[in-house]
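Subject: Handover of a structure and findings

Dear colleague,

Please find below the sequence and the structure that I am handing over to you. My findings follow directly after them.

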Amino acid sequence: MIDAQLDALARLAGAGGVAVLSGAGLSTESGIPDYRGPSGVARRHTPMTYQTFVGDPLARRRYWARSHLGWRRIARAEPNPGHKAVASLEASGVLDGIVTQNVDGLHQAGGARSVIELHGNLDRIVCLGCGEGTSRDHHDDRLRTANPGFDAEILAVNPDGDVDLDDSALDGFEPVDCTTCLGGVLKPDVVFFGEAVPVDRVRDSYALVEGARLLLVLGSSLTVMSGRRFVLRAAKLGIPVAIVNQGETRGDAYADLRVDAPLGVVLPQLAARITALPVASAR
């Protein structure tokens, strides 16, 4: 069954003009859990909202303590065979570009170049006061200096780059503020729940999808509208949609082809099939 589906998908994608929309399911095999797939933690974890982060200093302190430890897991994560297969398809000319809902940077680490980070990237920090940007590594060094010896027990790792800690472990943790505008609130350069995706990213993502011959969804449940809207746009324009994901998605009704399987397993097989197609070698 999977072989037949992959053969059909290879024929669809092999002609090129493919836009990829990727989600958290692509990174689970790199050790980063997702919200709603087989490793999902949505039932136990409430993500930080933008409104809470900005308006509640105590909640912000808790977030930075958890994120300080969680960043170590994200920073150590390596691209898996799925990321590398996507990069190889891009290098072969099959893909026009990638829109990712992920904030882990693993597409680029795996070799992809044309990536729109819809929700930002955890490796960047931005000041909400003056807009100054810094690297996460620099911010991590500052947090280590401000909190020597802080190394609480991690109870669980969450998809958005933080971890679950016992509240007692947060006592005495000190976040750091912006040094450019002196006291400005620092935030990871990612889109929190309740925060709008930057207009230019949405525009560029729509342009990529609208110019595609095929929209290929990889590892996204399409539960939130920030990703599902691109499937809806493709379907409205008559652009075929193919979905590779473990479990059902909210875009299944719009899919011309659906593959339910681990991405790290099937994407290398898909890349091999496309490479073997006569049309692939003729491009």
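**Findings**

Trp71 is buried, since its relative accessible area is 9%. The structure is a predicted model, and the values in this message are to be read accordingly. Trp71 belongs to helix α3, which covers residues 57-76. Its C-alpha lies 9.5 Å from that of Asp137, although 66 residues separate Trp71 and Asp137 in sequence.

Tyr50 and Phe193 are 143 residues apart in sequence, yet their C-alpha atoms are 6.1 Å apart in space. Leaving aside residues up to four places away in sequence, Tyr50 touches Leu128, Lys187, Phe192, Phe193, Gly194 and Glu195.

**Nonpolar cores**

The largest nonpolar core has 31 residues, and those that touch the most other members are Val18, Leu95, Leu216, Leu218, Val244 and Leu267. Two or more residues of this core come from each of the helices α1 (2-14), α4 (81-91) and α9 (263-276), and from each of the strands β1 (18-22), β2 (95-100), β9 (214-218), β10 (241-244) and β11 (257-259). The greatest contribution is that of α9, with six residues. Leu267 touches Leu26, Gly82, Ala85, Val86 and Leu218, with residues up to four places away in sequence not counted. There is also a second, separate core of 25 residues, which includes Ile125, Phe173, Leu186 and Val190.

**Packing of two helices**

Two packed helices are described by the angle between their axes and the distance between the axes. For helix α7 (residues 199-210) and helix α8 (residues 225-237), the axes come within 10 Å and cross at roughly 35 degrees. This crossing of α7 and α8 is right-handed. On the α7 side the contact is made by Val202, Ser205, Tyr206, Val209 and Glu210, and on the α8 side by Arg229, Phe230, Arg233, Ala234 and Leu237.

**Residues in loops**

Asn245 sits in the loop between β10 and β11. Is Asn245 buried or exposed? Its relative accessibility is 6%, so Asn245 counts as buried. The side chain of Asn245 reaches the backbone nitrogen of Ser220 at 3.2 Å. Not counting residues up to four places away in sequence, Asn245 touches Gly219, Ser220, Ser221, Arg258, Val259, Asp260, Ala261 and Leu263.

Leu182, in the loop between β7 (163-164) and β8 (186-190), has a phi near 55 degrees, which is a positive value in a residue other than glycine. Leu222, in the loop between β9 and α8, likewise is not a glycine and has a positive phi of about 60 degrees. As for accessibility, Leu182 counts as exposed because its relative accessibility is 71%. Leu222 has a relative accessible area of 1% and is therefore buried.

Yours sincerely

How values were computed
Residues are numbered from 1 along each chain as its sequence is written. This is a predicted model: local features need pLDDT of at least 70, side-chain atom pairs count only at pLDDT 80 or more; totals for chains, interfaces and linings use all residues. Side-chain values use heavy atoms; hydrogens and water are left out. Axes are lines fitted to C-alpha atoms, for helices over the stretch in contact, and angles run from 0 to 180 degrees between N-to-C directions. Helices (H or I, at least four residues) and strands (E, at least two) are DSSP runs, numbered from the N terminus. A crossing is left-handed if the near helix is turned anticlockwise from the far one by less than a right angle, and right-handed if clockwise. Contact means heavy atoms within 4.5 Å. A nonpolar core is a set of buried Ala, Val, Leu, Ile, Met, Phe, Trp, Tyr and Cys residues joined through side-chain atoms within 4.5 Å. Buried means under 20% relative accessible area, exposed over 50%, partly exposed in between (1.4 Å probe, protein chains only). A polar contact is a pair of N or O atoms within 3.5 Å; within protein, one must be able to donate a hydrogen and the other to accept it, and residues adjacent in sequence count only if both atoms are side-chain atoms.
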